[in-house]
Amino acid sequence: MKASTKAIVEQGRFRVLKERSKRSNQQQQCGGAVVYWMFRDQRVRDNWALIHAVDQANHFNVPVVVAFNLFDQFLGAKARQLGFMLRGLQELQSSLMETLQIPFFMFQGEAVETIPNFLRECEASLLVTDFSPLREVRKWKEEICNRVGDSVTVHEVDAHNVVPLWVASQKLEYSARTLRGKINKLLPEYLIDYPKITSPLTKWMEETPVIDWEGLIANVLSKGAEVPEIGWCEPGETAAMEVLSGSKDGFLTKRLKNYSSDRNNPLKPKGLSCLSPYLHFGQISAQRCALEARNLRKLHSQSVDSFLEELIVRRELSDNFCFYQPHYDSLLGAWEWARKTLMDHAGDKREHVYTKEQLESAKTFDPVRWMYWAKKILEWTTEPEEALSIAIYLNDKYELDGRDPSGYVGCMWSICGVHDQGWRERPVFGKIRYMNYEGCKRKFDVDGYIAYAKRLVNGSKKRKKAWLARQ
Ligand code: FO1
C-alpha cells in the first residue's frame, strides 16, 4: 500500500483499531481488496463506512467488497427482527451491485472466524467496519484484530451517530444537559451533506457470490417463529426513505407538523416518526434524517427542534452511555443515588407481584398494561435487578428495535433513573420517577387507548388463527 493523500472522510469520523506492522509497510506490498465488514449500518446510501472503504480502495488501486456475518444466535433475536434485517440486506445486495458494482458476501457463524478467514482469502490489507458500543460487538472486533495477520490495518468508522461518539465526548455523560452543548458545538463540522459516492476505480474481478435469500429467510423465520414478523413496517432502504419523506405518508412530508404535540400520545401512533426500526438496523442514516428535517425548520420550528433533540442528542446520549458504562444493562450501571434509593426500598411491600411469564402474557390486573410498562415492572416484581432484566428481555424479544443502546437506556431510565434526576421519595420507587394510572388519565384518553389496544390485539389474534389454519 502507498500512503494515502487527502481523504474524503474526516479524520475524527474513524479510528484505527489496528495498524499494520512496520515491516509490512516497508515491504510496500500492494494488498488485495478493502473489505467493509458491515454490521450496524446496513445501507448503501449515506454511509460513511462505505464511503471510507471506497475512498481508501481508490487510493490504493484495489477493489472493495462488503462482507456481512449472520450469527447463528444474536442476542436472542427472533423471526421478527431477523426477517426484517435479511429482507433489508437482500435489497442492499442488489443496489450495491447495480449502483456501485460492489459485491456483497454473506457469511454464517462466528464473525471472529469468518471475517479473518475471508481477509486471508482475498489478501486484504484494510478492514473497515462500522461502530457499535455494545460489549459483544467490541469483544468480537478486539478478537478479530488479534487474529488477522500483521499486514492488515483495521479502521472503525462511526457511521451511525451524527457527531462521532469519541469526538462528542471522551467520558460518561450525566444527562442530556451535559452532552447537548458539546454536540451542538460540533454540528457545523459534522452535520454536513454526504459526498457523492461512485463505483470504485478498480473493479472486483473474481466471482460474485450467489446468496440463497429465500432459504436464509425461511430458516430464520422457522427458528424464531415464537415472535413472528409484523406487516406494518416494510423493511429496507427504499421503504425507510419513503417513511422519512415519501409523498404518501412520509414523516417530514405529512406528519411533522404535529410531532411536538402528538408524539407522546399513545392514541396517535402516527404522531411518531416511525423511523426507529430503520435507524436501529442502519437502513437509514440519522444524519440524512437530520439534514432533511433541518430544511423544514422555518415551517415547523418546534416540531423540528423536538425531532432533532430525540434523533441526535437523546440517541447519541444512549450510545455514550453504552460505550462508557460497562454495566449498561445492570443495576451496577445506575448512579450511586439511584442504586442507594432502590436498595433502600428493595424490601418494601409490593401490592402485586407477577412472574416473568405472567408479565410476558400481560396477565396483570392493570388495564393500561403496556403504556408505562417498565415503571410497572419495577412495582410488580420482587427486586429492581429482576425488574430490569425482565424489561430488557421483553424489549429485546418483541421490539423491532430491541438490542439497541436506546433500548438499554430506555429500560435503565425507567427503572434505574439513568439520565434522570431524583424525585419525591415514595415506597418501592424510592426517588426514581413515579408514574401511575391517574397520571396517565391526565395525559391522554385512557379509555380510548384501552379500546384501541383491544382492537389491535383482536386483529392480531385473528391473523394468527388464519395463519395457523393455513399451516
Ligand atoms: N448484525 C450483524 O452483523 N449480524 C447479525 O447476525 C445481526 C443480527 C441482528 C439481530 C437483531 C438485531 O436487532 C440486530 C442484529 N444485527 C446483526 C445488527 C447489529 O449488530 C446491531 O444493530 C448493533 O449491534 C446494535 O448496536
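Modeller: Let's start with the ligand: the residues of the shell around it divide into eleven nonpolar, five polar and three charged. Keep in mind that this is a predicted model.

Biologist: Thanks! Which residues come nearest to the ligand?
Modeller: Of the 19 residues around the ligand, the nearest are Phe71, Phe74, Ala77, Gln81 and Ser132. Two elements give two or more residues to that shell, namely strand 3 (64-70) and helix 3 (79-100).

Biologist: And where does the ligand lie relative to the domains?
Modeller: The ligand lies between domain 1 (11-160) and domain 3 (331-448), because both of them give residues to the shell around the ligand.

Biologist: Which domains does the assignment give altogether?
Modeller: The assignment gives domain 1 (11-160), domain 2 (162-192 + 236-324) and domain 3 (331-448).

Biologist: How many residues are in contact between domain 1 and domain 3?
Modeller: Eight residues of domain 1 are in contact with six residues of domain 3. On the domain 1 side, the touching residues divide into four nonpolar, two polar and two charged. As for the C-alpha centres of domain 1 and domain 3, they lie 38 Å apart.

Biologist: Switching topic, what does UniProt annotate at residues 32-165?
Modeller: The UniProt record, an unreviewed entry, has the annotation "domain: Photolyase/cryptochrome alpha/beta" covering residues 32-165. In the model, that span is 45% helix and 20% strand, and its end C-alpha atoms lie 30 Å apart.

Biologist: How far is Glu98 from Ser199, C-alpha to C-alpha?
Modeller: The C-alpha atoms of Glu98 and Ser199 are separated by 9.6 Å, while the two residues are 101 residues apart along the chain.

Biologist: Now Leu378, please. Where is it found, and is Leu378 buried or exposed?
Modeller: Leu378 is found in helix 17 (residues 373-380). Leu378 is buried, because it has 26 other C-beta atoms within 10 Å, and 20 or more is the cut-off for buried.

Biologist: What does Leu378 touch?
Modeller: Not counting residues up to four places away in sequence, Leu378 touches Pro384, Ala387, Ile415, Val428 and Phe429.

Note on methods: Residues are numbered from 1 along each chain as its sequence is written. This is a predicted model: local features need pLDDT of at least 70, side-chain atom pairs count only at pLDDT 80 or more; totals for chains, interfaces and linings use all residues. A residue is near a molecule or strand if its C-beta atom, placed from the backbone, lies within 6 Å of it. Helices (H or I, at least four residues) and strands (E, at least two) are DSSP runs, numbered from the N terminus. Ala, Val, Leu, Ile, Met, Phe, Trp, Tyr, Cys and Pro count as nonpolar, Asp, Glu, Lys and Arg as charged, and the others, Gly among them, as polar. Domain bounds come from an automatic or database domain assignment. Two residues are in contact if their C-beta atoms, placed from the backbone, lie within 7 Å. UniProt positions are given in the numbering used here, feature names are shortened, and annotations may be inferred rather than shown by experiment. A residue is buried if 20 or more other C-beta atoms lie within 10 Å of its own, exposed if 12 or fewer, and partly exposed in between; C-beta atoms are placed from the backbone.
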